[in-house]
Amino acid sequence: MEIKKGLEDVYVKETEITYIDGELGRLYYRGYSIYDLAEFSNFEEVSYLILYGKLPNREELNWFQEKLREERYLPDFIIKFLREVRKDAQPMDILRTAVSLLGIEDSKNDERTDIKGIKLISKFPTIVANYARLRKGLDIIEPDPKLSHSENFLYMLYGDRPNEIKSKAMDVTLILHIDHEMNASTFASLVVASTFSDLYSSIVAGISALKGPLHGGANYEALKMFKEIGSPEKVNDYILNRLSNKQRIMGFGHRVYKTYDPRARILKQYAKLLAEKEGGEIYTLYQIAEKVEEIGIKYLGPKGIYPNVDFFSSIVFYSLGFEPDFFPAVFASARVVGWVAHIMEYIKDNKIIRPKAYYKGEIGKKYIPIDSR
């Protein structure tokens with residue numbers, strides 16, 4: 001019996017959503033190159049593509065954008081929860097609990113999955129931005145229906161309209177995090193959905209899986225590493241020391257990519273733009289990251305270990321004003337699109353996910369009463 005630890009290379013479903021070429025470092029959403037979508041499209045259009053299988057025409061995109069704008073607002077009981085909950089909680093715990101609360105109140109069992117999904121896609125940024133401000137003792141900023149999804153996310157965080165560079169960087173970052181085939185959080189959401197549980201429960205499972213430091217929390221760990229290094233001059237000794245002690249270089253390596261992650265290539269461009277614009281700490285962190293990239297590729301590249309999406313996304317998220325422990329919640333605000341799309345795709349031809357475990361213990365043991373043990 002061959003045991004596939006981590007279900008590596010085990011196919012659990014057919015999909016038309018995302019294709020990854022791990023050898024050549026290519027990523028496609030519904031057949032479209034991630035490079036083209038990042039350059040020419042926007043979050044709303046790509047989300048429509050992921051959910052509905054085609055690029056929208058003008059009428060379809062207007063409908064989708066309007067639905068997203070309508071659903072940005074949070075009900076009073078969620079606002080009350082955000083105001084009253086402890087302010088030192090992990091943002092992913094807040095997001096997970098808020099989604100559970102939304103699920104309790106949303107009893108429209110006959111509503112289409114995509115419509116429920118749009119509600120969640122729209123509300124995730126509001127939950128994240130509201131808690132980020134409340135934790136700093138600031139007032140909540142109401143959504144602005146005149147702004148795009150990404151602009152509104154940053155507006156609710158800042159209280160001011162973001163500049164063009166930040167708006168584009170936010171939009172591209174969200175696009176790049178929308179989906180990545182059968183990752184841990186997507187699989188977790190599918191396991192729940194395959195039981196015909198409700199969408200909110202399935203999404204909570206996705207959030208819970210994404211919270212882990214080996215998944216959505218990896219970008220936080222990458223930034224911590226850059227800060228720990230402190231300056232570009234210290235990179236060489238730091239990295240060589242980690243490698244000699246057989247420690248991981250955070251933001252390097254991927255289960256699928258055996259070359260440079262295409263998402264990291266795109267994010268590097270925006271990390272550089274933001275660093276040059278912001279200067280100061282951000283620019284120093286970018287310089288450190290570039291040096292880590294250079295040395296890491298020199299020693300790990302021959303082994304097929306290269307920068308992944310978390311490497312430069314950490315600097316982009318930080319440059320956009322998000323505290324490090326909010327990085328996974330921002331990630332979730334994009335990945336929720338992929339979770340919903342995969343759930344919709346899977347339940348069309350549903351089969352409950354029930355793998356097996358190979359038993360290797362004893363059988364036929366004699367029961368011994370407790371007083372004789």
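These are my notes on two annotated residues, H254 and D310, in a predicted model.

**Entry 1: the annotation.** I looked up which residues the "active site" annotation covers in UniProt, and the unreviewed entry gives H254 and D310. I then checked how they lie in space. They are spread over 57 residues of sequence, yet they cluster, with a largest C-alpha distance of 10.2 Å. I also looked at the largest pocket, and its lining takes in both H254 and D310.

**Entry 2: H254.** I found H254 in the loop between α12, residues 235-244, and α13, residues 262-278. Buried means under 20% and exposed means over 50%, so a residue in between is called partly exposed. Next I listed its contacts, leaving out neighbours within four places in sequence, and got H180, D261, R263 and N308.

**Entry 3: D310.** I placed D310 in helix α15, which runs over residues 309-319. Its relative accessible area is 8%, so I noted D310 as buried. Which residues does D310 touch, not counting those up to four places away in sequence? I wrote down H215, A218, N219, A222 and F331.

**Entry 4: side by side.** H254 sits in a loop, whereas D310 sits in a helix.

Terms used: Residues numbered from 1 in each chain as written. Predicted model: local features only at pLDDT ≥ 70, side-chain atom pairs only at ≥ 80, totals over all residues. Heavy atoms only, no water. UniProt positions renumbered as here; feature names shortened; annotations may be inferred. 1 Å grid on protein atoms, 1.4 Å probe; cavity = no way out; pocket = protein on both sides within 12 Å on 5 of 7 lines; lining within 4 Å. Helix = DSSP H or I, 4+ residues; strand = E, 2+ residues; numbered from the N terminus. Contact = heavy atoms within 4.5 Å. Buried < 20%, exposed > 50% of the residue type's maximum accessible area, 1.4 Å probe, protein only.
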